[in-house]
Every structure is written in C-alpha cells, then in structure tokens.
Amino acid sequence: LESHLQRCQQLSVTVLTDHQDLNNTELKTILNSKTPQQYRIRAKLRTYKPQKLYQSIKLHCSKCNTLQEVPDGDTFDFILQGSAVNAPNPELHNTSWYDTVMWTTQDHKQRKITIHFVKHDEMLQQPEDTLLMIEGGTLKEVWKLTKRFKCVIPVRSTEDDLELLDLSAPFLLQGNIKYYGCKQCSTPKSMKSLSSIAAQQQPSWEPAEIAQVLGIEPLQYVFIMKFTLVDGTGALNAYLVDY
C-alpha cells in the first residue's frame with residue numbers, strides 16, 4: 001500500500017472510480033455543500049499521512065471516541081520494571097482459585113518473580129487453556145510465557161488483592177496481541193473478579209469477557225490514514241479508517 005501511494009503521488013491525476021453514474025464535481029463545490037452527499041471527483045493526491053505505514057495503527061475507544069497512539073515496548077518494559085520494585089505479598093499466594101509459584105532470579109538484581117496459575121474445578125488447565133498472572137517479570141519473560149500459555153496478565157500486589165498495572169500497559173496478552181483499556185472509561189476491579197470466569201463450566205478466557213469482569217473498556221486497534229486531494233479549485237482532506 002505504501003509503494004502504491006507513492007506511485008499515486010507521482011501521477012499528475014488520481015481518478016477515484018467509485019460512483020460511475022455521477023458526473024465529476026469540483027472540490028470547491030463539495031467544500032461549500034452540506035453533508036452527507038455522494039460525489040465523484042477527479043483530483044490529484046498532494047500528500048498522505050502518516051508517511052510510515054506502521055504509524056497508521058492507532059487505538060480507539062468506542063465509548064468516548066478517543067484515538068491514541070499504540071504504546072511501544074519500551075513503555076511497557078518501564079512499567080514492568082516499576083512494578084517489580086514492590087515485593088510480592090505472600091499472603092496473596094495460593095488461593096482457592098489460583099496456585100502460586102515464586103522464585104528469585106540468579107542475576108545480580110535478585111528479582112522475585114511470582115506467577116499465579118488460575119485453576120478450574122480446583123485443577124490446573126492445560127497450558128494452551130491457562131490464564132496466569134505474573135508479578136515482577138521483565139518484558140522478555142512475559143513474552144516467553146505468552147508463547148506457552150493462552151493468556152497472561154501482568155499484575156502487582158496490594159495489601160488486600162492483586163491488581164492491574166497502569167493502563168498504559170496492556171491488561172492482557174494473548175499470543176502476540178496486546179490488549180489495552182481506555183484510561184478514561186475504565187474502572188479497574190481487583191483480580192478476584194476473574195474467579196467468576198474460572199468457576200464457569202468451560203472457561204474460554206475470551207478478551208472481551210475478561211475486560212468486562214475487570215471493569216475495563218477495551219480499546220480497538222484501528223487503521224487510519226489522511227489523504228489531501230487537490231484539483232485546482234480547493235483542497236479536500238479524506239480519511240480512511242478500518243478496524
């Protein structure tokens with residue numbers, strides 16, 4: 001698509017071929033008309049944004065209609081490092097709905113890593129069906145876990161329960177997909193809320209259901225581009241948006 005856009009930009013005229021039954025309309029007329037209406041135009045592509053295709057991917061909240069950049073890996077890693085400063089609370093280990101494993105890394109930092117494996121019917125599920133929560137892990141360690149287990153949720157300890165990290169971090173990782181929540185519209189609940197899904201006959205750990213019980217308004221990945229079209233009578237900004 002990027003190379004196609006560059007070729008279009010080099011051409012003297014770009015013809016948008018939709019609405020073949022309509023005559024061409026000047027951009028000046030369109031700009032002075034009320035919407036919504038359908039037009040067919042003959043125009044030149046002057047610019048398009050963003051210039052790099054990967055920058056077209058954004059996060060959109062369908063509730064408050066905000067659009068934001070996708071956080072990079074460095075942001076996530078920084079949040080994980082910050083949460084690792086707090087020692088895990090041993091009183092939150094091994095509850096009725098999850099089993100806990102904790103170890104100390106052999107490096108000079110001596111980090112404590114804690115993983116809580118959510119159970120179903122008092123039994124652990126197969127790795128490909130398992131949801132786990134991790135405290136104190138690095139970005140590299142989190143990604144290793146996503147390759148083996150179905151769902152990974154980064155958490156931290158409080159005095160009373162486990163909770164999600166800052167919503168600048170994903171609230172859930174599944175495979176190579178990071179799921180984010182809207183900071184404005186979400187009201188995060190404690191991880192104890194997940195026990196209601198674990199109690200189901202066949203917990204599927206679907207992202208939408210996890211978001212709902214955790215009080216998260218999920219953000220959607222969207223593809224968005226802006227095109228500026230000109231025909232000598234005016235300039236029209238056209239937007240391409242797809243989920």
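This dialogue reads several features of a predicted model, one at a time.

Reader: Let me start with strand S8. Are the residues of strand S8 buried or exposed?

Author: Buried means under 20% relative accessible area. Five of the five residues of strand S8, residues 131–135, are buried, so the strand is largely enclosed by the rest of the structure.

Reader: Which residues of S8 lie on one side and which on the other?

Author: In a regular strand the side chains alternate between the two faces of the sheet. In S8, Leu-131, Met-133 and Glu-135 are on one side, and Leu-132 and Ile-134 are on the other. Both faces are covered, as the residues on each side are all buried.

Reader: In which sense does S8 pair with strand S6, and over how many bridges?

Author: Pairing is read from the bridges between two strands. S8 and strand S6 (residues 112–120) pair in the antiparallel sense over four bridges. As a point of reference, Thr-114 has Glu-135 of S8 as its bridge partner.

Reader: And in which sense does S8 pair with strand S9?

Author: The sense there is parallel, again with four bridges, and S9 spans residues 151–157. Leu-131 stands opposite Cys-151 in S9. Between the two strands the chain passes through helix H4 (residues 139–148), and this β-α-β crossover from S8 to S9 is right-handed.

Reader: Now the charged pairs. How many salt bridges does a search of the whole structure find?

Author: A salt bridge is counted when a side-chain nitrogen of Lys or Arg is within 4 Å of a carboxyl oxygen of Asp or Glu. The search of the whole structure finds five.

Reader: Which residue forms a salt bridge with Asp-99?

Author: Lys-119 does, with the closest N and O atoms 3.3 Å apart. Asp-99 lies in strand S5 (residues 98–104) and Lys-119 in strand S6, so the pair ties together parts that are 20 residues apart in sequence. The side chains of Lys-119 and Asp-99 are also joined by a polar contact of 3.3 Å. Lys-119 is buried because its relative accessible area is 13%. Asp-99, at 28% relative accessibility, counts as partly exposed.

Reader: Where do the partners Asp-166 and Lys-183 lie?

Author: The closest N and O atoms of this salt bridge are 3.8 Å apart. Asp-166 is in the loop between strand S10 (162–164) and S11, and Lys-183 is in the loop between S12 and helix H5 (195–198), so the pair ties together parts that are 17 residues apart in sequence. Asp-166 is partly exposed at 37% relative accessibility, and Lys-183 is exposed with a relative accessible area of 51%.

Reader: What are the corresponding values for Gly-175 and Gln-110?

Author: Gly-175 and Gln-110 are 65 residues apart in sequence, and 28 Å apart in space, C-alpha to C-alpha. Gly-175 lies in the loop between strand S11 (172–174) and strand S12 (177–179). At 34% relative accessibility, Gly-175 counts as partly exposed.

Reader: Last, the surface. Which residues make the nonpolar surface patch of about 370 Å²?

Author: Tyr-239, Val-241 and Tyr-243 make this patch. Tyr-243 lies in the segment after strand S14 (235–242). Tyr-243 counts as exposed because its relative accessibility is 57%.

How values were computed:
Residues are numbered from 1 along each chain as its sequence is written. This is a predicted model: local features need pLDDT of at least 70, side-chain atom pairs count only at pLDDT 80 or more; totals for chains, interfaces and linings use all residues. Side-chain values use heavy atoms; hydrogens and water are left out. Patches are made of residues with over 30% relative accessible area and no salt bridge: like charges are joined within 9 Å, nonpolar side chains (Val, Leu, Ile, Met, Phe, Trp, Tyr) within 5 Å. Accessible areas come from the Shrake-Rupley method with a 1.4 Å probe; for residues, only the protein chains shown count as cover. Buried means under 20% relative accessible area, exposed over 50%, partly exposed in between (1.4 Å probe, protein chains only). A crossover is right-handed if, with the strands pointing away from the viewer, the path from the first strand over the helix to the second runs clockwise. A polar contact is a pair of N or O atoms within 3.5 Å; within protein, one must be able to donate a hydrogen and the other to accept it, and residues adjacent in sequence count only if both atoms are side-chain atoms.
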